[in-house]
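Reader: I would like to learn how to read a structure one feature at a time. Please give me the general idea, then the case at hand.

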Amino acid sequence: MSNISRTPRMFSPGRTSLDDYQKGIFVDDEEEKTMSTDVFDIPNKKAPLERLKKWRQATLALNATRRFRYTLNLKREEQREETISKIRAHAQAVRAAHRFKQIGGEKKKEDDDKPPEGFGISAVKLAQLVRDKDFDSLQQIGGVKEVAKLLHTDADKGIKENPEELLCRRNAYGENTYPQKAARNFFVFLWEACQDTTLIILMICAALSLGFQIKTEGIKEGWYDGGSIAFAVILVIFVTAISDYRQSLQFQNLNEEKRNIQLQVIRGGRRFKVSIFDLLVGDVLPLNIGDQVPADGILIEGHSLSIDESSMTGESKFVHKDQKNPFLMSGCKVADGYGTMLVTGVGLNTEWGVLMASISEDNGEETPLQVRLNGVATFIGKVGLTVAVVVLIVLLIRYFTGHTEETADTSKFKAGKTKFGDAMNGVVEIFAIAVTIVVVAVPEGLPLAVTLTLAYSMRKMMRDKALVRRLSACETMGSATTICSDKTGTLTLNQMTVVKACVAGEMNLPPESTSVAHNLLKEGISQNTTGSIFKPEGGGQTEVTGSPTEKAILSWALEFGMNFDEEKSKSSILQVVTFNSEKKRGGVALKKLQLQSPSEVHIHWKGAAEIILDLCSSWMDSSGVVQNMSPSKSDEFKTTIEGMAAASLRCVAFAYRTYDTESIPREEVQLESWEIPEDNLTLLAIVGIKDPCRPSVKEAVNLCQNAGVKVRMVTGDNIYTARAIALECDILKSDQSIEMPTVIEGKDFRALTEEERNKIVDKICVMARSSPTDKLLLVQALKRNGEVVAVTGDGTNDAPALHEADIGLSMGIQGTEVAKESSDIIILDDNFSSVVKVVRWGRSVYANIQKFIQFQLTVNVAALTINFVAAISSGNVPLNAVQLLWVNLIMDTLGALALATEPPTDHLMHRPPVGRREPLITNIMWRNLIAQAIYQIIVLLTLTFKGKDILNLKDGNVAGHADKLRNTIIFNAFVFCQIFNEFNARKPDQKNIFRGLHKNRLFIGIICMTLILQVIIVEFLKKFAKTTQLNPKQWILCIVIGFLSWPIAAVVKCIPVPERPFADYLRKKSKRKESSAPGEASADH
């Protein structure tokens, strides 16, 4: 998913209301004002287009195609928006033309297509009905029920769950899929890897070297220098392409998971979940708030159903759906109400399918860490480029002035004597070395290592039940300082059962009963619900479906004799107020079909117990007599509610009232806008629903708190239930104050001023009776206080808080599609323990990148210094082009694979969260890399200048053999330093660098492969790499030089470092200079 704002709309803390969010009204983000001026510092969400352009322009990239592959393609994004606009305009034009024809009385042409065999209506006709919103044609057919008959569908029970029938429908009307752009194959990645500027220059150098060498030395001996460079470049290209291709496949698989939405269908009268791809024409679907309309269809039955069609029309207003406007378009969202729909079009037979097939989804997204690493890579690259230019100039001057020695007595170039071909070959060799220094110096793999570790982490997080929708959320979770968690289903099991009940003023769990109160309860429960009950015709276990609360209430009603289908048949629904987390109640107006007094209508309400109780003016006793709600009786009921809540029970109350039929609007339009009365209610029952805490939640909460992440519970339950659950989960400690503001109600928090909220928000542990607006205000206040906030949510109204939070975590089981689309990560099992695992992975991403930075910078500093000093002093460099390319391969691709895929450890949860503005290179990293680089530079420069004397190397019969042997030892020792230092990089702040090594087989495999290839290069590819064979003593020497990096690392880790970053000291000095400048100027005056 992209993090670009596709329209100039941004969600601003403290200034955008919940209503504005739902209407699509956004204002400029205040965070933008306080954002750093550094172009490589972008917000983790809603980055403005200009900032995305700026960091790209400031980046030094050798291979822009590869470097920016996983970032958002800004040009393609603009084209995508244009395509969507054109398709929307085209669809509206088609509808307008259809209406014009109708007004002009033009006769429709008969469809020349025939219905599929076994069905009574064609796919084209069905598509036209919905696309043109052709209500007249629908009426001519006979309405939705008749369309269902033509599709051989029961409008109540759906199609039959018969494999043969399902296959027949699939063949007749198609699948709910659309063609997608073919994934890039391996050769595309190969071609992209070839587009590296430096590698192209090296290939040109190789070609020139081949030409000059073959001309002077013949093809037998002359192909080695140029051929070896060419082979090394090809090897780098192939390894790079293979690594990138593997990453691409991982992202591809994750994108498939994102698209695979699970939804409920009714087949054979039974509700169950299927994949969106398995949806068929003729299916009957229940629709609830927050659902995505998964296919084109026609409304069968709906109550207060409003649809957000902005994804198709671009207009943010909600469209009311009823029998006069029953057409539903794929890709739209249910904004309010509920209903059932008949699927009439799937896949490319829908406007959404055509739209999605016409645009290519750009999965690119720049993460803040990735952009910051581009900044680091650009800085290092500029330093490396400067060094390479200096080395090139120095080597050329020394070469043409005769100071570059071939052997101890002869120089490589003699004016007037050296052949042109030999001279040009020498220049090409020098140029190749300079270019290779650039290859090593510019860490192209640094930003790409983020993508590698994110791809690895995302794949592993799927196993830990977390589906990442936005890449940046992975790394931001490492910085999370607080988690605002829902209670139901996240901290609890979401397995609800009614364990206490106060019916008609009496505490009992009623057996089957026929009292007036019980009969009214059965009526209210069966009609005022979005759940359903399925009884198999041949017998078997009754299936109850719906939300966990609905299932608990329906199951309880079955216990005292409710017949669900029979109760529903006794009355018809006039109007519905759907339950939402803002009002915390839902109501229904019923017209009795067998009522002796036809002038009477029953209105049933259910919801939060104390809220329903406040609306009651009477209560019904066990004999069916309505009693006045006296203050003492009201207090008695409140005590009952508090007692249930103190036992961690969710309290739900049921109430009803009668209403005169004459007072209800007769006209359908007026009836739709009629508000169901909610005053003068009669209390029928209060139930206590038990939802046990998850067994692992206490441990998970403590793990978070030990890691510096404060867990806050935000719930719609009353304050007593919330407090009891918080104590059970260890969010509240037994010795902790449970007064305000530690435990606060949403209405009290909402009533405070912004300044007052900022003062108390850090103390809040539990927010009870919270609405989505309260959750949003909480997130905004925490962010203003500098917290990095993660929020869980499952409802449609949670979308603003999920969007506003630094990390939005939606629930995979109970979460609505609207909530999922507003979130960054989907918790697939709704479990808080999975949220904690996401925190671990977030910290792991950051830690792995820092390991790789430490390792790569050590190689950079050492390689650049050694070649620079050697070039300046002697005119020769100990590490040639082929050797540097091999080092680059170890450092970039293989190093990233080894270090960026380290699994998370418990140690990560024993440190505080990563600061949002914390420097990438910490003081500990500076200490480690400087120590290792100094050691490598001292040892290898000593070998460069004194190696022949120390090791007693002689030329023997071959001129220049001693120099070649010395350079081979330097190259071999340098590579072994990197191999051993790779172990050090695994644990930058721990002395035991081997802990957990056995769990990372990839690391072990890469180290073994590097060792084997190093032996082959030195011992068998002598002409290719310009090396010579080493004896056992020389091999042991190289290994010892590398091995010494381990004890040095252990000693260095004992040296304490200041907590304040080194960069801060540098900034302070520069500020002092700036502040002293005006004073000096005034003194001069």
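Author: This is a predicted model. Strands β17 (residues 616-620) and β20 pair in the parallel sense, over three bridges. Within that pairing, S618 has T682 of β20 as its bridge partner.

Reader: Which other strands pair with β20, and in which sense?

Author: Strand β10 (residues 497-503) pairs with β20 in the antiparallel sense, over six bridges. There, T497 has K690 as its bridge partner. β19 and β20 also run antiparallel, and eight bridges join them.

Reader: Is strand β20 largely enclosed or open?

Author: Strand β20 (residues 681-690) is largely enclosed by the rest of the structure, because nine of its 10 residues are buried.

Reader: How do I read the two faces of a strand?

Author: In a regular strand, side chains alternate between the two faces of the sheet. Take strand β3 (residues 284-287): V284 and P286 lie on one side, L285 and L287 on the other, and all of them are buried. Both faces of β3 are therefore covered, as buried here stands for under 20% relative accessible area. Four bridges join β3 to strand β7 (residues 333-345), and the two run antiparallel. L285 stands opposite M341 in β7.

Reader: What about cysteines? How many disulfides does the count come to?

Author: A disulfide is a covalent bond between the sulfur atoms of two cysteines. The count here comes to zero disulfides. Cysteines can still be read for their surroundings. C194 counts as partly exposed, because its relative accessibility is 29%. C616 is buried, with a relative accessible area of 9%.

Reader: How should I read aromatic pairs?

Author: A pair of aromatic rings is described by the distance of the centres and the angle of the planes. The count in this model comes to 19 aromatic pairs. One of them, F980 with W1046, is edge-to-face, at 4.9 Å centre to centre and 70° between the planes. This pair links distant parts of the chain, with F980 in helix α36 (residues 961-986) and W1046 in helix α40 (residues 1045-1052), 66 residues apart. F980 and W1046 are both buried.

Reader: At what angle do the planes of F983 and F994 lie?

Author: The planes of F983 and F994 lie at 55°, with ring centres 6.1 Å apart, so the pair is tilted. F983 is in helix α36, while F994 is in the loop between α36 and α37 (1001-1019), 11 residues apart. F983 counts as buried at 11% relative accessibility, whereas F994 is partly exposed at 39%. Ring pairs link F980, F983, F994, F1003, F1043 and W1046 into a cluster.

Reader: Last, backbone angles. Which residues have a phi near 65°?

Author: Most residues other than glycine have a negative phi. K465 has a phi near 65°, a positive value in a residue other than glycine. K465 is found in the loop between α18 (445-463) and β8 (466-468). At 41% relative accessibility, K465 counts as partly exposed. N494 also has a positive phi, near 65°. N494 is in the loop between β9 (482-485) and β10. With 16% relative accessibility, N494 counts as buried.

Notes. Residues numbered from 1 in each chain as written. Predicted model: local features only at pLDDT ≥ 70, side-chain atom pairs only at ≥ 80, totals over all residues. Heavy atoms only, no water. Disulfide = S-S within 2.5 Å. Buried < 20%, exposed > 50% of the residue type's maximum accessible area, 1.4 Å probe, protein only. Pairing = 2+ DSSP bridges. Phe/Tyr/Trp six-rings, centres within 6.5 Å; stacked < 30°, edge-to-face > 60°.
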